[in-house]
Amino acid sequence: MLADRFVRETRTFKASHVLPPDTNNHNTLFGGKLMSYIDDVASLSAMKLARGPVVTASTDSVDFLQPIPVDHEVSLEAFVTWTHKTSMEIFVKIVAEDLLTGERTVCATSFLTFVALGADGKPTIVPKVIPETKEEIFLHDSAQERADARKQRRTRSKHLADLLGTTRPWES
């Protein structure tokens, strides 16, 4: 039997300076670069809970709220909000800071699902998480609704994949 863990034990932080090579033609951080940061920090949070290897099962949402300009700091905070048997939901909050003024803005939020893997490479049981703060409790209490939506979306995605098949357009 796995011992339950506090959400705080899964908190992970990452910060980076937004430099010109990381930006698009609007001089703001590439969305794909931010998504890479999100997956990285979320995987660390998931591993803190699982204490073993994990894989990204889905990026459930990434909501870009504000652009992140060059020469700002982008900070990411991730933590496990909820667990099922072998899967866990991770929330990531992204904050940009103007390094000259100190002004901070929540620029994006994201939910991802990870699955823990055992030594055999197959899904393995993860501990439950115990929320403590108002933010953690809110996200934990609303997680089942997001899990149900994920399950429905995954079913639709599998159906779509079956309909589309693997034949390339020039092969028909």
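This is a predicted model: local features need pLDDT of at least 70, side-chain atom pairs count only at pLDDT 80 or more; totals for chains, interfaces and linings use all residues.

Lysine 93 has threonine 109, in strand β6, as its bridge partner. Strand β6 comprises residues 104-116 and runs antiparallel to β5, to which 11 bridges join it. Five residues lie between the two strands in their hairpin, where glycine 102 adopts a positive phi near 85 degrees.

Strand β5 also pairs with strand β4 (residues 72-83), again in the antiparallel sense and over 11 bridges. Within this pairing, serine 75 is placed opposite valine 95 of β5. The hairpin that connects β4 to β5 contains three residues. Strand β5 itself spans residues 87-98 and is mostly covered, since 11 of its 12 residues are buried.

A pair of aromatic rings is described by the distance of the centres and the angle of the planes. The count of aromatic pairs in this model is two, and they are set out in the table.

| Ring pair | Distance of centres | Angle of planes | Class |
|---|---|---|---|
| Phenylalanine 79 and phenylalanine 91 | 5.8 Å | 65 degrees | edge-to-face |
| Phenylalanine 91 and phenylalanine 111 | 5.1 Å | 50 degrees | tilted |

Why is the pair of phenylalanine 79 and phenylalanine 91 edge-to-face? Its planes stand at 65 degrees, and an angle over 60 degrees counts as edge-to-face. The pair of phenylalanine 91 and phenylalanine 111, with planes at 50 degrees, is therefore tilted.

Both pairs link distant parts of the chain. Phenylalanine 79 in strand β4 and phenylalanine 91 in strand β5 are 12 residues apart, while phenylalanine 91 and phenylalanine 111, the latter in strand β6, are 20 residues apart. Through these ring pairs, Phe79, Phe91 and Phe111 are linked into a cluster.

Phenylalanine 91 counts as buried at 8% relative accessibility, and phenylalanine 111 counts as buried at 12%.

Elsewhere, arginine 8 lies over the face of phenylalanine 6, at 4.3 Å from the ring centre.

Finally, an unreviewed UniProt entry carries the annotation "domain: HotDog ACOT-type" for residues 8-120. Over those residues the chain is 18% helix and 48% strand, and the end C-alpha atoms are 29 Å apart.

Methods. Residues are numbered from 1 along each chain as its sequence is written. Side-chain values use heavy atoms; hydrogens and water are left out. UniProt positions are given in the numbering used here, feature names are shortened, and annotations may be inferred rather than shown by experiment. Helices (H or I, at least four residues) and strands (E, at least two) are DSSP runs, numbered from the N terminus. Buried means under 20% relative accessible area, exposed over 50%, partly exposed in between (1.4 Å probe, protein chains only). Two strands pair if DSSP finds at least two bridges between them. Rings of Phe, Tyr and Trp (its six-membered ring) pair if their centres lie within 6.5 Å; planes under 30 degrees apart count as stacked, over 60 as edge-to-face and the rest as tilted. A charge sits over a ring if NZ of Lys or CZ of Arg is within 6 Å of the ring centre and within 35 degrees of the ring normal.
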